[in-house]
Every structure is written in structure tokens, then in C-alpha cells.
Amino acid sequence: YLPASEEEVTGIYRKRLAGDVPSEEECAKYHGFLLTGLGRAYAKRGLVMQLHIGALRNNSTRLFQGLGPDVGVDGMGDFCYAPQLSALLDAMDKTDELPKTVLYYLNPKDVEMLAAMAGCFQGNESGIKGKIQLGSAWWFGDHKPGMERQMRAMASTAVLGNFLGMVTDSRSFLSYTRHEYFRRILCNLIGKWVENGEYPADEKFLGTLVENICVKNAREYFGF
């Protein structure tokens, strides 16, 4: 992300149409202008912006050349992006045009940073509960240790009761089973906290907490 005027971005766009390759700085300006414009449109319409961050795509040139895009083996990147993400969110927040946003990480090193980042932009006049969210464990974090790490990070830096729960990759029918997997891991982790005396042993409270995370929070947040 880099700030840019509409005139600058129009010039970058025309440069690419003419066959020239924009510089890294020009790409950052174009992407920033596009994302903030989309974000403001989402906020106006009450939609949710979801950012999936950290993929390093097509790592195998051999497979990419032999089989094409998206089969060149995707992995996780290790770049640092906190300043750019902060600037992107702040550009919309300054004018109260920041939409509800979910931040997903691909590299586990980013989980605490994103959880803290989400907390910086929660204030809003509309009173949305958990307006900026740390997304559920995704890609290489979508397993028991990864899910537990994400939940622990959210419980430590935010309000676990506002969590939207598991996301479904609708391209695969079998991905729906991950919701059952997620619920078992969530309840097991909360149960351990209760046994350790870190959470109240109140069945009604715990039932409401789990129901909200698994069903009601997403229904309210996305407006289903």
C-alpha cells in the first residue's frame, strides 16, 4: 500500500495498457487505491472485506511451466507488511469508511501481529461487535495446532466471544467437515481452560460462548 491520487493511478493504468511494466512503487499505489476504493464501497453497503495475506505462489517453475497457473505449488511468504496494512486500514478509518474486515494470515508468525492490528481499528459509531477480526486458521494453519494457536492469540489479545468461527472453502464439498473438526477443537481448548481454573465452570455461559462462535456471531456480522 502507498497513498496515491486518482490522476496518478490513471497514469499507472494507462502505462500498463501501453505495454510498460509498472514499478514496485507504482504497483503499491495502484493496489492501495483499488483496495481503499473497494473498502469504502463495502462500508457504504454494509459488506465485509476479507483480506487473505501471505501466499507465495508458483514456487516450482517446473510444475508451473508444465501444468499452468495455480499448480506451480503455493507456499507461505515471510515478508513483513504491518506498516502497509496499518496504512491501508487507516486510510479508510480516518473518514469512518473502514468496512467490517477479516484478516487472515498464511504464515503463523503473523497471528499475534494481526490480532493486535485488529484491535487498533475497533472504534466506530455504529457499534459493530468485533468490527475488525482476526480470521480463522487458514491454509497451512488449518489443523489442530494451528487452530489452537489462532484461538489462543485471539483470547489473549482480543475478545474470544466475538470470534466468527470457522470459514468454509465452498469449492470443495469435503471442506464442510472442517466445521465439526473446528467445534471439537474449540470445545476441547475451552474445556482445558475451565479445568485449569482460567474460565468459569458455568455450563450456560460456556454454551452461549460456543454457540455464538460457531453460529450466531457470523450470522450477525455478515447479516445472514
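This is a predicted model: local features need pLDDT of at least 70, side-chain atom pairs count only at pLDDT 80 or more; totals for chains, interfaces and linings use all residues.
Buried positions in α7 are Arg178, Phe182, Ile185, Leu186, Leu189, Ile190 and Trp193. Viewed down the helix axis, the buried residues of α7 fall within an arc of 125 degrees, and they therefore line one face of the helix. Such an arrangement can be read against the geometry of an α-helix, in which there are 3.6 residues a turn, so that residues three or four places apart point the same way. The buried residues of α7 pack against α6 (144–157) and α8 (203–222), whereas the face turned away from the buried side carries Arg184 and Glu195, which are exposed. Just after α7, Gly197 adopts a positive phi of about 80 degrees.

Strand β4 (residues 100–105) is largely enclosed by the rest of the structure, because six of its six residues are buried. Both of its faces are covered, with Lys100, Val102 and Tyr104 buried on one side and Thr101, Leu103 and Tyr105 buried on the other. Strand β4 pairs in the parallel sense with β1 (residues 48–53) over six bridges, and within this pairing Thr101 is the bridge partner of Met49. A parallel pairing over three bridges also joins β4 to β5 (residues 132–134), where Leu134 stands opposite Leu103.

Definitions and conventions: Residues are numbered from 1 along each chain as its sequence is written. Side-chain values use heavy atoms; hydrogens and water are left out. Buried means under 20% relative accessible area, exposed over 50%, partly exposed in between (1.4 Å probe, protein chains only). Helices (H or I, at least four residues) and strands (E, at least two) are DSSP runs, numbered from the N terminus. The arc is that of the directions from the helix axis to the C-beta atoms. Contact means heavy atoms within 4.5 Å. Two strands pair if DSSP finds at least two bridges between them.
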